[in-house]
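Biologist: Could you walk me through this one? I'm new to reading structures.

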Amino acid sequence: MSASFVIAVPAKGRLQENAESFFARAGLELVKPRGARDYRGTVADLHGIEVAYLSASEIVDLLAQGAVHLGLTGEDLVREKIANADAHVAFIDALGFGHANVVVAVPQAWIDVLNMADLDDVATAFRLKHERKMRVATKYVNLTRNFFSAHGITDYRIVESAGATEGAPAAGTAELVVDITTTGSTLTANALKVIEDGVILRSQANLVAARRAHWNAAARDCARIVLDRIAAQNRARAFREVRARFAGCDDALLGEAKRRFGVETPFGGPTSSGMITLHCPPQQVHALASLLRDNGAENVAVAKLDYVFSRTNPLFAKLEAAITPPAA
Amino acid sequence: MTTAGTIAKSGAPDPRADALLAAFERSGYTCVAPSILQPAEPFLDLSGEDIRKRMYLTADPQGRELCLRPDLTIPVSRDYLASSAAGTAQGFCYLGPVFRYRDDGPGEFLQAGIESFGRADTAAADAEMLALGLEATAHYGLATPDIRIGDVALFSALVSALDLAPAWKRRLIKDFNHKSSLAHDLDRLTITPSRAGSEYQGVLAALERSDPKAAHALVTDLLSIAGITAVGGRSVGEIADRFLEQAALGAQTSLPKEMRALIERFLAISGDPDEAAAELRAFARDAKVALDAALDLFESRTGFLAARGVDVSRIRFSTAFGRGLDYYTGYVFELHDPSARVMGQLVAGGRYDGLLTRLGSTRSIPAVGFAVWIERLASLGARP
C-alpha cells in the first residue's frame with residue numbers, strides 16, 4: 001500500500017451507493033482507475049488517498065486493527081464486533097442514512113410480554129417449565145448479551161443466525177429474536193412485535209476513525225482535507241444563505257433573529273449601507289424572511305449553499321482528540 | 001501477576017499439585033482426566049450466556065460449537081453420567097488445565113478439584129468437601145485461610161414459605177446469585193409494577209375478580225380465535241397462565257412493607273455457623289416461616305465439620321453469600337488468603353443437586369464438589 005491514508009467504504013449494496021453520493025456531495029469523487037470491478041480506488045484530484053472497497057464487517061475489523069484510517073460503516077456492526085468499541089474507534093460523523101434499529105422482538109401472541117422485565121420473568125418461567133432455556137436468534141451476539149445482562153436476564157441461550165433471523169420463531173429454531181429493523185414491517189409480517197424498552201441501539205451509517213491507525217503527518221494532512229470538505233458540506237446543508245439590504249437592520253434585530261431562528265452571521269454585522277448575509281436553518285427561512293420584511297427589507301434573497309468552509313473544522317478537531325493520547 | 005514463573009503448564013504440573021492429587025486419591029477419590037475439547041452447549045446452558053465471552057470457542061465441520069473446557073465440573077459430570085457407574089455413589093478428583101479468557105492473566109490455568117456424586121449423607125458430604133479444601137490450602141502452607149460459607153437452600157426455603165406471587169418467587173430465587181439485581185428487586189417489591197400503565201390494565205383488573213378457570217378459558221379462546229397456537233415455543237395455555245398471573249400481581253402493588261423488611265432481615269444474618277443457626281431459628285419463629293428442614297441440615301453439617309476437626313468458630317457464614325452460578329442448590333463455600341496477597345478465591349465449591357438432571361439424567365442425583373486454583377496457591381508460597 002503506497003498510500004499513507006486509507007478510507008474503507010462498503011463494496012456493495014445500498015450502503016455503497018449512499019456512501020458514494022455522500023462523498024460526491026462533499027466534493028470527494030471516488031474513482032476506480034482500473035475499472036468498476038476493482039476493489040481499490042482513489043479520490044479524484046487528491047493524492048495520497050486510497051479508497052478500499054470492503055464488506056461492511058471487514059471494514060469494522062480493519063478499523064479495530066487500525067489497518068485503515070477512516071471507515072464508513074453502521075454503528076450496529078462496530079458496537080457488535082468490537083468489544084469496548086469507543087476505546088478502539090471514534091465516531092466522527094453520523095451520516096443520516098443507513099438507519100436501522102437493533103431491537104428485541106417477541107411473538108405477537110405473547111400478550112403478557114410488554115417490556116424487558118416481563119421478558120426476564122418469562123425467561124425464568126420458561127426454563128422452569130421446559131427444563132431448557134429460551135432461545136434468542138440473532139447475529140448480534142455481543143449486543144444481545146450485554147443488553148440482556150443489563151436487564152438482569154440470565155435464562156436464555158443465543159442461537160447465532162446468519163440471515164432471515166425474523167423467521168426463526170415460526171420455524172421453531174428460537175423463541176424470540178434480536179434483529180435490525182427500519183420500519184418494523186418485516187417483523188410484523190412474521191408475527192413479531194418489538195418490546196417497549198427493547199431498542200438496543202438506534203444505528204445509522206457513521207464515519208468512523210481508527211484510533212490505532214498509523215497517524216503520521218501525511219495521514220493527518222489527508223484527513224484534514226477530507227474532513228474539511230465533509231464539514232463544509234455538512235454546514236452548507238444545515239443552512240440557507242439569506243441576503244437583504246435595509247436601513248432597519250441593526251444589532252437588536254439580528255439578536256432577535258439569532259435567538260428565534262438559530263440564524264448565524266458568517267461575515268459579521270450589516271455594512272454601512274445595511275447589506276447583510278445570514279445563514280439560516282432551512283425550516284426557518286420563511287419566518288426569517290417575514291421578520292426581515294416587517295422591519296423594512298424590500299427584497300430577501302435565499303439561496304442554497306454548496307460549501308461553507310470555516311477556519312475551525314469540528315470533524316477534524318474530533319479526530320485529533322481521538323488520536324492524540326491524553327496527556328499523562 | 002498471580003502466575004509463578006516456575007510452574008510449567010499442563011505437561012508437568014508442579015510437584016505440590018501432584019502431591020495434592022495423590023492426597024485426594026488416598027481419600028478415596030478416583031483420578032479422572034476428561035477431554036479438554038468439550039461441546040460448548042452444556043456450559044452455555046448451565047453457566048449462562050455471560051460465560052461465552054470468557055470461553056475459547058470453535059466449531060467442527062458439522063457446525064457444532066466446541067470449546068476448551070472452562071471448568072471441570074461439567075466435563076466430570078458428563079463422563080460420570082455416560083459411564084456404567086451413573087447413579088451410584090462415586091467420587092472423582094482431577095488436576096489439569098482449564099481455559100477462560102481473562103484481562104489480567106493467561107487464558108490457560110490449572111485447576112484441581114473433587115466432584116462427589118450420589119451420596120445420600122448430604123451433611124457429611126458437604127463437610128468433607130470443606131475439609132478437603134482446607135487440606136488443599138494446607139498443602140501450600142496456608143493452614144488457616146478465610147472460610148466463607150453460604151447456603152442457597154435457606155434462601156429458597158424462605159422464599160417458598162413467603163406469601164408472594166409466583167412471579168416474585170421466581171425472580172427472587174433467580175436473582176439471589178446476582179446481588180445487585182436482588183437489591184433492585186427488593187426496591188421494586190414495594191413500588192407499583194411497570195404494568196400499571198399498560199393497555200391491558202382494564203382487562204387485567206376485570207379478570208382479576210373473575211373465576212380463574214373461566215378467565216383462563218377466555219384468554220385461551222381469544223388467542224385461538226386470533227389463529228394463534230404455539231408460537232415461539234410457548235403454548236397458548238402458558239401465555240394465558242402468565243397473563244392472568246400478571247392480573248394477580250397487578251393487585252399486589254401495595255405489597256406489605258413487612259415482606260421486604262423480613263427478607264432484608266434474613267439477608268442480614270451472618271456470623272459463625274452456631275450463632276447464625278440460633279439467629280435463624282429465632283427469625284423463623286418470629287416470622288412464622290418454616291425453615292426447619294433447611295436449618296436441620298445446616299446444623300447437622302456444622303456438627304460434621306466440627307467432627308472433622310474444623311474450627312467452626314473461624315467460619316464466616318452469611319445468608320446473603322452465593323457464588324454467582326445458577327447451578328448451586330445448597331451449601332456453597334470459598335477459601336481466601338487472609339492477608340489478601342492473592343485476589344480471588346483459592347478454593348471454591350458447593351452443592352449442585354440439580355446439575356445432573358439438567359445434563360440429562362432421568363433421576364435426581366445429589367452432587368457436591370469444589371475446585372482449587374493451583375497458580376493462586378502456588379503464588380502464595382512464591383512471595384515473601
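Biologist: How are H12(B) and H13(B) oriented to each other?
Modeller: This is a predicted model, where local features need pLDDT of at least 70, side-chain atom pairs count only at pLDDT 80 or more, and totals for chains, interfaces and linings use all residues. Residues are numbered from 1 along each chain as its sequence is written, with chains lettered from A and ligands numbered from 1 in the order in which they are written. Helices here are DSSP runs (H or I, at least four residues), numbered from the N terminus. H12 (residues 273–287) and H13 (residues 292–307) of chain B pack at about 165°, axes 10 Å apart, the axes being lines fitted to C-alpha atoms over the stretch in contact and angles running from 0 to 180 degrees between N-to-C directions. Angles over 145 degrees count as roughly antiparallel, so H12(B) and H13(B) are roughly antiparallel.

Biologist: Which residues of H13(B) make the contact?
Modeller: Contact means C-beta atoms, placed from the backbone, within 7 Å. H12(B) brings B:Pro273, B:Asp274, B:Ala277, B:Leu280 and B:Arg281. From H13(B) come B:Leu295, B:Phe298, B:Glu299 and B:Thr302.

Biologist: How many residues of chain A are in contact with chain B?
Modeller: Chain B puts in 29 residues.

Biologist: Which helix gives the largest share of the side of domain 1 of chain A that touches domain 2 of chain A?
Modeller: The centres of these two domains, taken over C-alpha atoms, are 32 Å apart. Each domain gives seven residues to the contact. On the domain 1 side, four come from helix H3 (residues 75–81) of chain A.

Definitions and conventions:
Contact = placed C-beta atoms within 7 Å. Helix = DSSP H or I, 4+ residues; strand = E, 2+ residues; numbered from the N terminus. Parallel < 35°, antiparallel > 145°, perpendicular 65-115°, else oblique. Domains from an automatic or database assignment.
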